[in-house]
Amino acid sequence: MRSRSYRPMLAVDAEGPFSSDDWTFEVKWDGIRAISYVDREVSVRTRNDNEVIGKFPELATLSDLAPGTVLDGEIVTMDRGRPDIQQLFERLQKVRSIDLEYISRQSPVTYVVFDILEVSGKTVIDLPIEERRKILAGAVKEGPNVVIARFVPGRGEDYYKAAVAAGLEGIMAKKNGSRYEPGVRSGNWQKIKEVKTCDCVVFGYTGGNGRRSGSFGALILGLFDNENPVYIGKAGTGFSDADLEKFSTLFSDLETGASPLPGVERPDEVTWLRPEMVVEIGYHSVTKEGRLRMPRFIRVRSDKSPEESTIAQIRPEPIHEYREKRDFRVTPEPPGSGTGSGTKRIFVVQEHHARRLHYDLRLEHEGVLKSWAVPKGVPEEPGEKRLAVETEDHPIEYGSFEGTIPAGEYGAGTVSIWDKGLYEVMEWTEKTIEVVLAGKRLKGRYVLVRFRRAGMNQWLLFKAPE
Ligand code: MN
């Protein structure tokens, strides 16, 4: 038995189509993401680590590959040249091997592989993507059911147009030189799609009127922020008559009296459900309040779990403002990948000799460095209150940056690390942030309180008494 298993690397939403020599582009296949492990036996597992080789007997041909190979890719069925994900879901519901044999002959799947994680039992995830693609091309022999994903360098906008014209969902952009980050939603992979989509958890529904009086009006949708459910809106359109009927049956098994989702308007009109059903929702954008604009039901995602339906899916690329302000052909500052590992939290204080000397306090939070400029420096004794001006989120890589930002650039001047270490969060809300720093100079409890009167971005920073 193999002990190691990988979580797939995930992509963030791109702002829109782009072209860049630092990126390559692939078709975004609309199917079931699967990592396959070729040893003495072949194992094919979904994002939730469910074994599905039994559902796709035609993928047994993967056993022709060398033992110790681990591939990442997407299982797709084609219907007149376009991926048909509905057929795949239907197949996942089947259990009788005779049915599965029949379907696998009638409409066989193609496993489009785009990455390789192990060769001869050795991991290659730390190699740059260019290297991994070369290894992949050598390790996989294409056949009727397994193909290697094609990619093009640089010309993302043209490629996107061509993909959409061909009826495809969109394309993927992958950053040159990037490693494979298992389980991470990384800025090194970006999805470029015409309609944004996210996988949401159904927390309840409202009653239907008129034609829909027999079924329901809208689905109450939420996502998870860590363990906490967050309300993101209602979807009342996009359902076929068959959907409406199917939902009514699904609902009856999930009904619960409790309301697990705060913030829903008119909660007394909602029938609450246990949060177990995942649906894919198309939307236009996200409001300031964190609600989906123009949400529309697309389909049920029985292959996805509520736990992986996280708020990260609808957050904009986190360091957008940071990137906008800088020209990375000129400044030595890191462009950043937009996400961190999330396993440990770092803090850093950088001494910044800009137009005016100040100290930048940065705390790792939700994959970025939350940042404040502290003109008089971080206090080392309890009692002193200092003004801290919130600035744009910085990439995690900035935590090790030291150097000189050239004249004429944003923040021109010398940056050096004044203190650095790990920290622990005691409280993190809109108004108050309390942390325990474990640096070389700064140690102990620190508090940041939003300073409403002074201005939007102003905070007070002080060291708490022991
Ligand atoms: Mn600064």
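Predicted model: local features only at pLDDT ≥ 70, side-chain atom pairs only at ≥ 80, totals over all residues.

Entry 1: As a reminder to myself, an α-helix has 3.6 residues a turn, so residues three or four places apart point the same way.

**Entry 2: the core that α1 contributes to.** I then looked up the largest nonpolar core, which has 26 residues, and the ones with the most contacts inside it are Leu-62, Leu-71, Ile-75 and Tyr-111. At least two residues each are supplied by β3 (32-38), β4 (42-45), β5 (69-76), α1, β8 (110-119) and β10 (146-148). The largest share, 4 residues, comes from α1.

**Entry 3: the mixed sheet.** In what order do the strands of the open sheet with mixed pairing run? I traced 5 strands in the order β1-β13-β12-β2-β11. The edges are held by β1 (10-13) and β11, each with a single partner strand, so one side of each is left without a neighbour in the sheet. From one strand to the next, the twist averages 40 degrees. Between β1 and β13 the strands run parallel and are joined by 4 bridges, and here Ala-11 stands opposite Ser-186 in β13. Helix α3 (residues 129-139) packs on this sheet, where α3 touches β2, β12 and β13, and the direction of α3 makes about 115 degrees with that of β12. Helix α4 packs on the sheet as well, touching β2, β11, β12 and β13, with a direction at about 155 degrees to that of β12.

**Entry 4: a closer look at α4.** Which residues of helix α4 (residues 156-165) are buried? I listed Gly-156, Tyr-159, Tyr-160 and Ala-163. Seen down the axis of α4, they fall within an arc of 100 degrees, so they line one face of the helix. What covers them includes β2 (20-27), β11 (152-154), β12 (170-175) and β13 (185-193). The face of α4 turned away from the buried side carries Lys-161 and Ala-165, which are exposed. After α4 comes Gly-167, and its phi is positive, near 85 degrees.

**Entry 5: the antiparallel sheet.** I next followed an open sheet of 5 strands, whose order is β16-β15-β14-β17-β20 and whose pairing is antiparallel. Its edge strands are β16 (228-235) and β20 (296-300), each of which pairs on one side only. Here the twist averages 50 degrees from one strand to the next. Strand β15 (residues 219-225) pairs with β16 over 7 bridges in the antiparallel sense, and Leu-221 stands opposite Gly-233 in β16. Helix α5 (residues 241-254) packs on the sheet and touches β14 (196-206), β15, β17 (270-283) and β20, while the direction of α5 makes about 140 degrees with that of β17.

**Entry 6: two positive phi angles.** Arg-266 is not a glycine, yet it has a positive phi of about 45 degrees. I placed Arg-266 in the loop between α5 and β17, and at 52% relative accessibility it counts as exposed. Met-294, also not a glycine, has a positive phi of about 50 degrees. Met-294 sits in the loop between β19 (292-293) and β20, and it is exposed, with a relative accessible area of 60%.

**Entry 7: the manganese ion.** Which protein donors does the manganese ion have? I found His-352 (ND1), His-358 (NE2) and Asp-360 (OD), which lie 2.2 to 2.3 Å from the ion. Along the chain, the donors follow the spacing H-x5-H-x1-D. Of His-352 and Asp-360 I noted that both are buried.

Methods
Residues numbered from 1 in each chain as written. Heavy atoms only, no water. Buried < 20%, exposed > 50% of the residue type's maximum accessible area, 1.4 Å probe, protein only. Arc of directions from axis to C-beta. Contact = heavy atoms within 4.5 Å. Donors = N, O, S within 2.8 Å, 3.2 Å for Na, K, Ca; no water. Core = buried A, V, L, I, M, F, W, Y, C linked by side-chain atoms within 4.5 Å. Pairing = 2+ DSSP bridges. Axes fitted to C-alpha atoms, helices over the stretch in contact; angles between N-to-C directions.
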